[in-house]
Amino acid sequence: LSAIDSRHMITDLLTEVRHVPFRLSDLVVYGAKGNPFYIEQMIYLLYDDEVIQPQESRKNVNLGKLEALTVPEDLPALFQARVAHLLFAEKQIIEAASVVGQVFWDDAVRAMIMPETKLSAEAFQNVLSALEQKALIVRRRSSRLAGVSEFSFVHDMLQDEVYEQLA
C-alpha cells in the first residue's frame with residue numbers, strides 16, 4: 001500500500017478511537033512499509049500495549065505509552081512482541097500449537113499441555129477463544145478430524161516465530 005492508503009487503512013481500523021494522533025499513524029505507516037497485514041497486527045499490538053485504551057463509549061490513545069512504544073522492524077519482530085504480551089495459559093497453548101504445525105486441533109494441543117496445566121476443558125476453550133479474539137489463531141469452519149475443532153495460525157510466520165522461540 002502507499003503511505004496514503006496505509007493511513008486510510010489505519011483510520012478505518014481505528015474508527016472507535018476519538019482522535020488518532022499523527023504520531024501514531026506515522027509509526028504504523030513507517031513500520032508497515034506498505035504491508036496491510038503488518039498494519040492490522042500493529043493495531044492489535046497497540047491494544048496489547050494499552051496504547052489504545054477503552055474509555056466510556058469510545059477509545060483513547062495514551063500518549064505516554066505511545067511515546068514509549070518500540071515499533072517492531074518487521075513481521076517476525078511484531079509477532080514476537082504480540083506473543084510476549086500473552087498470559088501464561090495463552091502462551092502455553094500457542095506454543096504447543098506451534099509444535100503441531102500451521103494447522104492444529106484442540107484435542108492434540110490439550111493433550112500436549114495437560115501434564116503441565118490443570119486447565120478445565122471450559123477454561124482451555126476460553127483460552128482458545130481469547131487467542132482468536134487477539135487475532136493470532138483462526139477457528140476453521142470444519143475439521144478434517146471428526147469430533148475436534150481445527151484451528152490455524154493467522155500467518156505461517158507467526159507459527160514459525162512461536163516455534164523458534166521454544167528452541
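Is Gln-92 buried or exposed? What we have here is a predicted model, where local features need pLDDT of at least 70 and side-chain atom pairs count only at pLDDT 80 or more, while totals for chains, interfaces and linings use all residues. Residues are numbered from 1 along each chain as its sequence is written, and side-chain values use heavy atoms, with hydrogens and water left out.

Back to the glutamine. Gln-92 counts as buried, because its relative accessibility is 10%; buried means under 20% relative accessible area, exposed means over 50%, and partly exposed is in between, using a 1.4 Å probe and protein chains only. Gln-92 sits in helix H6, residues 88-100. When I say helix or strand, I mean DSSP runs numbered from the N terminus: helices are H or I with at least four residues, strands are E with at least two. Setting aside residues up to four places away in sequence, Gln-92 touches Ile-113, Glu-116 and Thr-117, where contact means heavy atoms within 4.5 Å.

Now let's go inside. In soluble globular proteins, nonpolar side chains tend to be buried together. Here the largest nonpolar core has 47 residues, and those with the most contacts inside it are Ile-10, Leu-24, Met-42, Leu-46, Ile-93, Phe-104 and Leu-131. Helix H3, residues 36-48, gives the most to this core, with 7 residues. For the record, a nonpolar core is a set of buried Ala, Val, Leu, Ile, Met, Phe, Trp, Tyr and Cys residues joined through side-chain atoms within 4.5 Å. Take Met-42 as an example: beyond its neighbours within four places in sequence, Met-42 is in contact with Val-28, Leu-69, Val-71, Pro-72 and Leu-78.

Leu-78 brings us to helix H5, residues 75-84, where Leu-75, Leu-78, Phe-79, Ala-81, Arg-82 and Val-83 are buried. What covers these buried residues includes H3, H6 and H9.

Which residues does Gly-31 contact, leaving aside its neighbours within four places in sequence? They are Tyr-38, Val-71 and Glu-73. Gly-31 is in helix H2, residues 22-32, and counts as buried because its relative accessible area is 3%.

On to the backbone. Most residues other than glycine have a negative phi, and most peptide bonds are trans. Lys-33, though not a glycine, has a positive phi of about 50°. Lys-33 is found in the loop between H2 and H3, and is exposed, with a relative accessible area of 60%. Ala-135 also has a positive phi, near 60°. Ala-135 lies in the loop between helix H8 (121-133) and strand E4 (137-139), but this residue is buried, at 11% relative accessible area.

Next, charges. How many salt bridges does a search of the whole structure find? The count is 9, a salt bridge being a side-chain nitrogen of Lys or Arg within 4 Å of a carboxyl oxygen of Asp or Glu. One of them joins the side chains of Arg-23 and Glu-67, at 3.6 Å from N to O. This pair links distant parts of the chain, with Arg-23 in helix H2 and Glu-67 in helix H4 (residues 63-68), 44 residues apart. Arg-23 is partly exposed at 38% relative accessibility, whereas Glu-67 is exposed at 52%.

Another salt bridge pairs Glu-150 with Arg-140, their closest N and O atoms being 3.2 Å apart. Glu-150 is in strand E5 (residues 150-153) and Arg-140 in the loop between E4 and E5, 10 residues apart. Glu-150 is buried, with a relative accessible area of 3%, while Arg-140 is partly exposed at 34%. Salt bridges that share partners join Arg-140, Arg-144 and Glu-150 into one network.

Val-99 is in helix H6, and is partly exposed, with a relative accessible area of 43%. Together with Val-100, Met-112, Tyr-163 and Leu-166, Val-99 makes a nonpolar surface patch of about 400 Å². Such patches are made of residues with over 30% relative accessible area and no salt bridge: like charges are joined within 9 Å, nonpolar side chains (Val, Leu, Ile, Met, Phe, Trp, Tyr) within 5 Å. The areas come from the Shrake-Rupley method with a 1.4 Å probe, and for residues, only the protein chains shown count as cover. H6 and helix H9 (156-166) each supply at least two residues of the nonpolar patch.
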